Amino acid sequence: MQVDGQIDGQIHVEKSLVISESGCVSGEIYAEHVIVNGEFEGICHADKIEILSKGRVNGSIYSDDLSIEQGGRFNGVTYPAEQSKVAELVEISEVKMAAEG
């Protein structure tokens, strides 16, 4: 999923979330992989987070794999990944598959 505009709220993505240079997300993100080249403010739970050169992140990050390119900015706190949040993503995926048949 790619965000080119503005989103306020909670986002659950099974794979990757890309916040483009024109994108702005405020809220809480649950994803496997998050790439930020725009703006994010809030709480992010992901296996891997990349802040690219134009990316700006303010808030809390729960991940064991964080990279920040030269020029990227992060203002906040990092924490180890919470296994319960990863399990929650798996459960959501299983519920969706069951609902689809």
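Q: Buried means under 20% relative accessible area, exposed means over 50%, and partly exposed lies in between, with a 1.4 Å probe and protein chains only. Which of these classes does K54 belong to?
A: Some ground rules come with the answer. This is a predicted model, in which local features need pLDDT of at least 70, side-chain atom pairs count only at pLDDT 80 or more, and totals for chains, interfaces and linings use all residues. K54 has a relative accessibility of 43%, so its class is partly exposed.

Q: What pattern does the chain follow along the sequence?
A: Helices (H or I, at least four residues) and strands (E, at least two) are DSSP runs, numbered from the N terminus. Read along the sequence, their order is β-β-β-β-β-β-β-β-α.

Q: How many salt bridges does a search of the whole structure find?
A: Side chains of opposite charge can pair when their charged atoms come close. Here a salt bridge is a side-chain nitrogen of Lys or Arg within 4 Å of a carboxyl oxygen of Asp or Glu. With that cut-off, the number of salt bridges in the whole structure is two.

Q: How many residues apart in sequence are the parts that the E21 and K54 pair ties together?
A: The side chains of E21 and K54 form a salt bridge, with an N to O distance of 3.8 Å. E21 sits in the loop between β3 (16-19) and β4 (24-36), and K54 in the loop between β5 (39-51) and β6 (56-62), so the parts joined are apart in sequence by 33 residues.

Q: Which strands does the salt bridge of R56 and E39 tie together?
A: The closest N and O atoms of R56 and E39 are 3.1 Å apart. R56 is partly exposed at 25% relative accessibility, and E39 is partly exposed too, at 37%. The two residues are 17 apart in sequence, so their pair links parts in β6 and β5.

Q: Is H33 buried or exposed?
A: H33 belongs to strand β4. Contact means heavy atoms within 4.5 Å. Leaving aside neighbours within four places in sequence, H33 is in contact with K15, S16, L17, K48 and E50. Its relative accessible area is 18%, so H33 is buried.

Q: What is the relative accessible area of Y30?
A: Y30 also has a place in β4. Its C-alpha is 6.3 Å from that of C44, a residue 14 places away in sequence. Y30 is buried, and its relative accessible area is 5%.

Q: How far apart in space are Y62 and A81, C-alpha to C-alpha?
A: Y62 lies in strand β6 and counts as buried at 19% relative accessibility. Not counting residues up to four places away in sequence, Y62 touches I43, C44, H45, A46, Y79, P80, A81 and E82. Y62 and A81 are 19 residues apart in sequence, and their separation in space is 4.7 Å.

Q: What is the C-alpha distance between F74 and V57?
A: F74 is found in strand β8 (residues 73-79) and is partly exposed, at 24% relative accessible area. F74 and V57 are 17 residues apart along the chain, and their C-alpha atoms are separated by 4.8 Å.

Q: What is the distance in space from L66 to A46, C-alpha to C-alpha?
A: L66 is in strand β7 and is partly exposed, with a relative accessible area of 33%. Its contacts, neighbours within four places in sequence aside, are I49, I51, I61 and T78. A46 is 20 residues from L66 in sequence, and the distance in space is 9.3 Å.

Q: What percentage of the residues of the chain count as buried?
A: The chain exposes about 5800 Å², of which carbon and sulfur atoms supply 48%; accessible areas come from the Shrake-Rupley method with a 1.4 Å probe, and for residues only the protein chains shown count as cover. Among contacts between residues at least 6 apart in sequence, 7% join residues at least 24 apart. Of the 101 residues of the chain, the buried share is 35%.

How values were computed:
Residues numbered from 1 in each chain as written. Heavy atoms only, no water.
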